[in-house]
Amino acid sequence: MRLAKYLARAGVASRRAAAEIVRAGRVRVDGQIERDPAREIDAQRVELDGSVIAGPEEPVVYALNKPLGVVSTARDSHGRRTVVELIERDSRRLYPVGRLDAQTTGLILLTNDGELANLLLHPRYEVSKTYRATVGGGPVKRAALVALREGIELDDGRTAPARARLLAPQVIEIELREGRKRQVRRMCEAVGHPVSALERTRFGSLELGDLAPGAYRRLTDDELAALRAQARR
Ligand code: URA
């Protein structure tokens, strides 16, 4: 296995970030600095910044229902609770697949498999994400839904075509194939409906289902295979 992949599989970083770490001279193989991310690794001793890296871990993916106020970075500089801390009894180095705002609830994936995380997040693969937004500004009219579907001019460019439908007069379900910062909030705001509550209900083929806030479960092999297949389409 190539060195960058070995590091990604060991949970150090995504494969691309691992390659940068190698090029930066932070990795030793059998005691020698190695700057080639493609170097083949079998049974050598691999060290990062002086610490030995245990061999690749079994890949694991969790689905978590992120509660309100919990942050989805691996660590928080303000000491807030993180999604990673909610996964108990797993000593692997897990990281979130993408981000949800602290004020957004719902489905977020966590994994030690940097490659899979990359695959699921890469805009090229366009894995869709579905959100349920409860909004202010009165009952949502058809024109607002059409605008959400067709694309909205935001300060970082026009949004791609999306799906949007009403679940209740002030509850919009919206499915996006992109993931810009605070995108759903900004889109709804732009059509006159500020979001008061936002929940992610689907990630690709995966549904939040009846996971309670703060609860999580490991994905089955079949679910993982389905996610990988979507990302490769
Ligand atoms: N869009 C948002 O506005 N916030 C999120 O957390 C996710 C998508």
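Helix α6 (residues 183–190) contributes three residues to the shell around the ligand, the most of any element. The model is predicted. The ligand takes up the space of the largest pocket, and it lies between domain 2 and domain 3 because both of these domains give residues to the shell.

**Composition of the ligand shell**

- The residues that surround the ligand are Leu 100, Asp 101, Thr 104, Tyr 131, Arg 182, Gln 183, Val 184, Arg 185 and Leu 198.
- Sorted by class, this shell comprises four nonpolar, two polar and three charged residues.

- Asp 101 places a polar side-chain atom 2.7 Å from a nitrogen atom of the ligand.

**Glu 178 and its link to the shell**

- Glu 178 is located in the loop between β12 (171–176) and α6.
- The side chain of Glu 178 forms a polar contact of 2.8 Å with the side chain of Gln 183, a residue that belongs to the ligand's surroundings.
- A polar atom of the Glu 178 side chain also lies 2.8 Å from the backbone nitrogen of Ala 160.

**Domain arrangement**

- The domain assignment divides the chain into domain 1 (3–52), domain 2 (61–123 + 211–232) and domain 3 (128–203).
- Domain 2 is assigned in two segments, 61–123 and 211–232.
- The shell around the ligand draws residues from domain 2 and from domain 3, so the ligand lies between them.
- The C-alpha centres of domain 1 and domain 3 are 42 Å apart.

How values were computed. Residues are numbered from 1 along each chain as its sequence is written. This is a predicted model: local features need pLDDT of at least 70, side-chain atom pairs count only at pLDDT 80 or more; totals for chains, interfaces and linings use all residues. Side-chain values use heavy atoms; hydrogens and water are left out. A residue is near a molecule or strand if one of its heavy atoms lies within 4 Å of it. A polar contact is a pair of N or O atoms within 3.5 Å; within protein, one must be able to donate a hydrogen and the other to accept it, and residues adjacent in sequence count only if both atoms are side-chain atoms. On a 1 Å grid over the protein atoms alone, a cavity is a set of points where a 1.4 Å probe fits but cannot get out, and a pocket is an open set with protein on both sides within 12 Å along at least five of seven lines; lining residues have an atom within 4 Å of a point. A molecule sits in a cavity or pocket if more than half of its atoms lie within 2 Å of its grid points. Helices (H or I, at least four residues) and strands (E, at least two) are DSSP runs, numbered from the N terminus. Ala, Val, Leu, Ile, Met, Phe, Trp, Tyr, Cys and Pro count as nonpolar, Asp, Glu, Lys and Arg as charged, and the others, Gly among them, as polar. Domain bounds come from an automatic or database domain assignment.
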